[in-house]
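Subject: Structure handover

Hello,

Here is the structure I said I would pass on. My notes follow below it.

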Amino acid sequence: MTPNQPQDLVPPGWVGGFAESNPAFAYPTPDLSSLEMLDNMANINLLQRQWPVEWPEFSWETQKGQADPKRCFQMFAPYISRLGYTDKGRVYSIICPQQGVCHLKMGCMNVEVTVTGQRGWVNETTREMAADMKVMGQIWFSPFADENIVYQMIWSIFKDSGLPFPEDKAHSIKVTTNMSGNPDQPIFPVRKGQTDLFTSPSFAIHDEAWAVANVEVEIGPINKTGNDLVDEFNQLVMDFFNLASGNMLQPGNLLSWNVWFKAPKLVDQEEWRTHAERWRKSIDEGHGAHAGGPARYFDGTVFNPVEKLIEEKVFEIMHWIYEHLKDLKR
C-alpha cells in the first residue's frame, strides 16, 4: 500500500524508537506483556500523533456452527476509530468504532466497542503496529428510537420505575469479550495485516489505505446488573439485537475486523478527549449519516433478518412487559 498523495502527506515530527526498545516487541510474534495495560483516557496529555481509521471492516458468522455459517461483512461508521501514540511510537489510546442498528419493529440501538485497556507500539517508518486491548460491547436505545411505537410503549412504562434499563449509555447492556478460545483471558492482540481467518470480499478491501491491522474477539455473556427484572429485559433485548444484526454479538461468536488506516496525523489533545462523545451524540441524531453501509454476504447480497422471528421476539418483549406491569410501578 502506498500513501494516497497529496492528502496523505505525513506531518513532520516522527522520531520512532519505542518499537525497537525491547526485542520482545518484534514481529513475527510481538510480546507486549512487559507493558502495563493502560486506561484508555488516562494519558491523553502524552499523545502527539495518530493513525485515523477510515474503514473499520467487521465480519462475523450469522449462523455459527452450521455447515454454511453465512459470514457477513459490514463497515462500521468511518472516521471514529483512531490509534494515538507519542512521536517515539508508544501507544497510549485507542478509540474503537460505534454503529447504529435499526429495525422498524423496535427502533434504533447504539452499538459501541468500548476500549477498557490498551498497550502497544507504532512504527511509521515500516507502517507496522502491534497492540493489545481489552474491550466491552455496549448497547443502548438511541433517542432516535423515540419515534417508534414499540419503543414509546416500553419507555412510557419504564421511565418512572427508577430501574437501570438501557435507555442511555450509562445504563447500557454490557457485553463481555475475551481472546478467541480463552474465556479467562480478556486481553487480545491487534496485529499488522489482514486477518487470515477468512478471505474478505473486494468491497471490504481498501488498497488505498496507509496500513492495515486485524482484530479478533470472542463474544461472552452480558454482565448482570443485580436486578432480576432488568437482567431479564436486557437478555430479551440482546436476543432481539442478535436477530436483527445476524448474531453479531451472540455468545461464542467471533467478531473480527480489519482496521484500514489513513496516513498519520498530528493529535489535538483537547479534540481527542471529546472525540468519541461528540461522534456518539452525532450518531444518536441519525444513524444513517455515519453508517458504513448494510451488512452483506461475500457476494454482496444484503443481509436481511427473518421477519417472522423478529415479530415473535417483539411479541415476547411486549408480553414480558405486560406480565411485569405491577413490578415496574413504584
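The mean pLDDT of the protein is 87, with 90% of its residues at 70 or more; pLDDT is the predictor's confidence in each residue, from 0 to 100. Over residues 286-290 the pLDDT falls below 50, and the model gives this stretch 13 contacts (heavy atoms within 4.5 Å) beyond near neighbours in sequence. Residues 2-7 also stay under 50, with eight contacts beyond four places in sequence.

On the conventions: this is a predicted model, in which local features need pLDDT of at least 70 and side-chain atom pairs count only at pLDDT 80 or more, while totals for chains, interfaces and linings use all residues. Residues are numbered from 1 along each chain as its sequence is written, and side-chain values use heavy atoms, leaving out hydrogens and water.

Two residues are described here.

N40 lies in the segment before strand 1 (49-61); strands are DSSP runs of E, at least two residues, and helices are runs of H or I, at least four, numbered from the N terminus. N40 counts as buried because its relative accessibility is 8% (buried is under 20% relative accessible area, exposed over 50%, partly exposed in between, with a 1.4 Å probe and protein chains only). Its side chain reaches the backbone oxygen of I94 at 2.6 Å. Leaving aside residues up to four places away in sequence, N40 touches Y92, S93, I94, I95, V115 and Q118.

K224 sits in the loop between strand 10 (211-222) and helix 2 (228-245). K224 has 65% relative accessibility, so it counts as exposed.

Regards

Methods. A polar contact is a pair of N or O atoms within 3.5 Å; within protein, one must be able to donate a hydrogen and the other to accept it, and residues adjacent in sequence count only if both atoms are side-chain atoms.
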